[in-house]
Amino acid sequence: DNETDLSYGGGRLGIQEPAKVVDFNRIAFQVARSVDGSIRIESSPATSPFTDYNKRMLDAGLAQYCDVVGTHMYGGQLERADIGILRRWVDEKAPGKPIAISEAGAIDSYFPNAADKAAARADWVRRAAEQAREYKLDSLLLFDWDAHEEWRMEGTPSIEALGKAAREVRY
């Protein structure tokens, strides 16, 4: 499941209990291993690296039922300690277990005071990649949603700046 720490559908699907999510991960992990031992399983990602929800899933045994601990990170969540906190929590349960940020990004509205929104987004990507390297993340995937103008990167000034930023950090 995706972002099980959110309530979806106008409350029809509420926040899932972390232990229940760990059980879903266990089932997916065991079935995948029975089919092909090389399949990599990312845990159900939470909306943020520093949410207590991640800690509660790890306390419920999540690390033993995934190859990679997944999370998401957007905009203001990019504070130096945020990924480091998740890294510490994961290392307490499974030292060295990979972490992946399977959705990440920043939109223009996250930078209301920036004169150059594309440059601000590129700087965000650069800093996110630096943190990915510093905390030895498995991967960091940028989110692009063409159907929603503010999230669209292709064909915008941001894409060139983002590409340049990614090449600069070579992560």
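These legends accompany several close-up views of one predicted protein model.

Residues are numbered from 1 along each chain as its sequence is written, and side-chain values use heavy atoms, with hydrogens and water left out. Because the model is predicted, local features need pLDDT of at least 70 and side-chain atom pairs count only at pLDDT 80 or more, whereas totals for chains, interfaces and linings use all residues.

**View 1. The order of helices and strands in the protein chain.** The protein chain holds five helices and three strands, taken as DSSP runs numbered from the N terminus (helices: H or I, at least four residues; strands: E, at least two). Along the sequence these elements follow the pattern α-α-β-α-β-α-β-α. Of the 171 residues, 46% count as buried, that is, under 20% relative accessible area, with exposed meaning over 50% and partly exposed lying in between (1.4 Å probe, protein chains only).

View 2. In strand β1 (residues 69-74), six of six residues are buried. In a regular strand, side chains alternate between the two faces of the sheet. Here V69, T71 and M73 lie on one side of β1 and G70, H72 and Y74 on the other, all of them buried. Strand β1 runs parallel to β2 (residues 99-105), and six bridges join the two, where pairing requires that DSSP finds at least two bridges. Within this pair, T71 stands opposite I101 of β2.

**View 3. F24 in helix α1.** F24 is placed in helix α1, which spans residues 18-35. This residue counts as partly exposed because its relative accessibility is 35%.
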